[in-house]
Amino acid sequence: MPQISKEKINKILVVKLRAIGDVLLSTAVLKNLRYNFPNAKIDFLTEPPAKEIVDGNPFIDELIIFEREKNNLIKFWELRKRKYDLVIDLFCNPRSALLTFITGAKYRVGYAFRGRSYAYNVKLKPRKEVHHNVEFNLDALRAIGLEIIDKEIYIQLNEEAEKFAEKFWKENNLNGKMVIALNPSGTWETKRWGIEKFAKLGDIIAKNFNAKILILWGNQKELEDAQKIFSIMEEKPLIPPKTNLKQLASILKRCSFTISNDSGPMHISTAVGTPTLGIYGPTNPYA
């Protein structure tokens with residue numbers, strides 16, 4: 001692998017497309033990049049659903065949004081005009097590989113999966129042993145000789161989100177109480193625990209720990225599931241109003257504990273420091 005001269009790296013781009021949880025898990029690289037390159041311009045490229053996860057992050061200079069429906073790849077030749085010295089592709093699918101290649105950066109770091117290795121000149125190989133996705137991301141930094149000082153994922157909250165959560169807590173008389181968040185949502189049906197099971201678990205927790213239960217939701221289908229859980233439970237839970245990701249993070253920060261399917265809210269709960277139990281279906285819980 002080529003030796004990277006830190007003093008010659010002035011502009012860096014990190015690429016991580018798609019899912020909210022995956023993007024959040026990639027934020028662990030940003031503090032480490034800033035530590036290793038305190039004077040460099042560090043940009044982050046992602047897609048609209050994950051925008052709020054990175055927005056306001058203190059370790060980056062610019063957030064670039066890739067909209068597949070509006071931006072054809074020709075438009076992204078503008079990435080080449082930015083003249084990045086180092087591009088780190090943490091997604092490594094065919095599209096992100098092409099975007100990385102288009103930049104023409106001197107150092108292009110990525111996992112050399114089949115059909116994508118052309119895009120990178122620092123080609124990574126995944127570990128053979130089982131390891132967490134955060135380590136998968138940090139390995140990209142280790143491969144170019146960077147020091148790892150922190151492994152925490154991060155989401156920047158804002159005043160509006162904090163006021164939203166404070167108001168919700170006050171209106172529902174939750175201050176000083178044990179509040180447990182249950183998240184029955186998840187992208188894949190096979191990875192979701194049954195809503196009847198969440199309802200039963202909610203009643204057990206509420207009765208045995210004198211706790212108030214919050215049922216989290218995002219889209220309309222998840223709201224319907226939350227309402228069904230409400231109808232089943234004997235100890236009636238609270239269903240928060242519609243939230244954006246930062247408002248959700250502020251709510252989760254105030255919870256005593258979170259129990260969640262493998263999903264974005266599970267990772268958000270971890271990022272804000274709330275003890276979190278993940279429920280996994282037929283998938284690798286370490287990844």
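**Exercise 1. Work out how Lys 167 and Glu 171 are placed along helix H7, and what their side chains do.**

Step 1: count along the helix. Lys 167 and Glu 171 sit 4 residues apart in helix H7, so about one helical turn separates them. An α-helix has 3.6 residues a turn, so residues three or four places apart point the same way.

Step 2: check the side chains. Those of Lys 167 and Glu 171 meet in a salt bridge, 3.9 Å from N to O. The rule for a salt bridge asks for a side-chain nitrogen of Lys or Arg within 4 Å of a carboxyl oxygen of Asp or Glu.

Step 3: look at the surroundings. Lys 167 is exposed at 53% relative accessible area, and Glu 171 is exposed too, at 56%. (Buried is under 20% relative accessible area, exposed over 50%, partly exposed in between, with a 1.4 Å probe and protein chains only.)

Before you go on: this is a predicted model, where local features need pLDDT of at least 70 and side-chain atom pairs count only at pLDDT 80 or more, while totals for chains, interfaces and linings use all residues. Residues are numbered from 1 along each chain as its sequence is written, and side-chain values use heavy atoms, with hydrogens and water left out.

**Exercise 2. Find the elements that the salt bridge between Glu 162 and Lys 253 links.**

Step 1: get the distance. The Glu 162 and Lys 253 side chains come to 2.4 Å, N to O.

Step 2: Glu 162 belongs to helix H7 (residues 159-171) and Lys 253 to helix H10 (residues 245-253), so the pair links parts of the chain 91 residues apart. Helices here are DSSP runs (H or I, at least four residues), as are strands (E, at least two), numbered from the N terminus.

Step 3: compare accessibility. Glu 162 is buried at 18%, whereas Lys 253 is partly exposed at 35%.

**Exercise 3. Trace the network that includes Arg 82 and Glu 62.**

Step 1: start with the pair. Arg 82 and Glu 62 form a salt bridge at 3.1 Å, N to O. Arg 82 lies in the loop between helix H4 (78-81) and E4, while Glu 62 is in strand E3 (residues 62-65), 20 residues away.

Step 2: Shared partners join Lys 41, Asp 43, Glu 62 and Arg 82 into one network. The structure as a whole holds 18 salt bridges.

**Exercise 4. Describe how domain 1 meets domain 2.**

Step 1: Domain 1 covers 6-143 and domain 2 covers 159-279, with bounds from an automatic or database domain assignment.

Step 2: count contacts. 8 residues of domain 1 touch 7 residues of domain 2, where contact means heavy atoms within 4.5 Å.

Step 3: take the area. The two domains bury about 670 Å² between them, 72% of it on carbon and sulfur atoms. (That is the accessible area, 1.4 Å probe, that two parts lose on being put together, summed over both.) Ile 20, Leu 24 and Glu 52 supply 62% of what domain 1 buries against domain 2.

Step 4: look for salt bridges. Between domain 1 and domain 2 the count is 0. On the domain 1 side, H1 gives the most, with 4 residues.

**Exercise 5. Is helix H6 mostly covered or mostly open?**

Mostly covered: 9 of the 10 residues in H6 (133-142) are buried. Among them are Val 134, Phe 136 and Leu 138. Their packing partners include helix H1 (20-26), helix H2 (28-36) and strand E5 (107-111).
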